Amino acid sequence: MTRAVLVCVLALAAAPAAAQNLVIVNARVVDGKGGVIERGSVVVRDGKITSVAAGGSATLAGAQRIDAQGLTLMPGFIDAHRHIVQGDAKEWLSKTGPAQLQEFLDAGFTTVLCAICPDETIEMRQRVEAGTVKGPRLLVGSIIPVARAAVSGGGRGDPARFDTSRPPLRPTSPAGAVPDADIVKAVESVAARKFDYIKTVITTTPGGPETRTLKLIVDEGKKRNLPTITHAVSVIDTLAAVEAMPAVLVHTPHIGRLEEDAAAVKRIAGAGIPMTSTLQVFAPHFGTDNTPLFRDAQPFPWDTISSAGQGPVNARLLWQAGISYGYGTDTTWPPKQSLADELRALSLVFSPRDITKIMGQGAARSTLKGDLIGTLDVGKRADLVLIDGNPLVNVTDLLKVVTTIKGGRIVSDRRAAGRR
């Protein structure tokens, strides 16, 4: 083989990983921030959006042209809080992970934030970025405790079943403090291992160190360009977290009644911290035999069911007060199943148009990547999905993704031959 032929072969082999120039016409363009163009077009050059316009006359020399034939075009889906590694992390990296990541692409997800991850997810992130594994963009975090306290659940299974934020398990004595020097070392370790975020969990104790320590973590993280995501599931703990000003609040507070505390609503929403939904955790997931299950695939714990109603109520109150609210699931179910579950919960208090905004702009802000993804704006990454239906009329049409485009590259495509 001559050198010239070899160069040509290598170029062809690398071509599938490169961004494609695309012109998508005749689409219902739902922009991820509440707007819609009933018949519009989007132009993609070198992996970025260069035009979003009404009508179907858009062109770009040499670009692949996709006639959407009335399909809905939206920003690629983002799960801003997800657990992706189960069981042995090394086996996941080598065997089960790639197929799982393809499931995300097939369901329309182009970005996934995994907030508590083993180190193997760093390697998987590198493989995805290098193109040796197909998958969504992976954003990964590592946890740092804010106090010396027993692990929620005490080893009895999924900690959400035995959450110490929920009475009567809530602590009545102060937790032990973690020395400041240990906190600094922990932040340095997360930074050195190339994680994207610090994950923290706050359950305040009487006279305990939690808020002060969280503030130290936030400040040390900022020095290393490492934002802090804070798990807070009660109103009390969310208010405590807000004092420390983390970058993101994970989970809608579902313990405590915000309809009885207008000051708390104002304080939480007024802090300007994005919040991630994860409403479905406390709503049953129904198995194929109609058995109500929890996220750990075990029988649903009905003593937690009040959160299935209180979470959406609190979410709506915070939304009306102006909080940035983004889609996230906090689950291990396959992505399409998780989407179906979260849509059920969101639909209790949000309109279809609200939900497209929560899944677009809101989810992007909850990953702190709103300048890059989440909306169909010129200059943003061309992460797109084509949907066979109109989610502004029937929100469950979001489950009908037929084409997923990540960074201008088609990574999943199930359109019928006649629609291409």
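A cavity here is a set of points on a 1 Å grid over the protein atoms alone where a 1.4 Å probe fits but cannot get out, and lining residues have an atom within 4 Å of a point. Grid points are joined across faces, edges and corners, and a volume is the space filled by probe spheres set on the points. Keep in mind that this is a predicted model: local features need pLDDT of at least 70, side-chain atom pairs count only at pLDDT 80 or more, and totals for chains, interfaces and linings use all residues. Residues are numbered from 1 along each chain as its sequence is written, and side-chain values use heavy atoms, leaving out hydrogens and water.

There are three cavities of 30 Å³ or more. The largest has about 60 Å³ of space, and its lining includes His 285, Arg 295, Trp 333 and Asp 341.

Now for an open space: a pocket is an open set with protein on both sides within 12 Å along at least five of seven lines. The second largest pocket holds about 420 Å³. Of its 22 lining residues, Val 128, Glu 129, Gly 135, Arg 137 and Lys 406 are the closest to its centre. Helix H3 (120-130) gives the most to this lining, with four residues.

Conventions. Helices (H or I, at least four residues) and strands (E, at least two) are DSSP runs, numbered from the N terminus.
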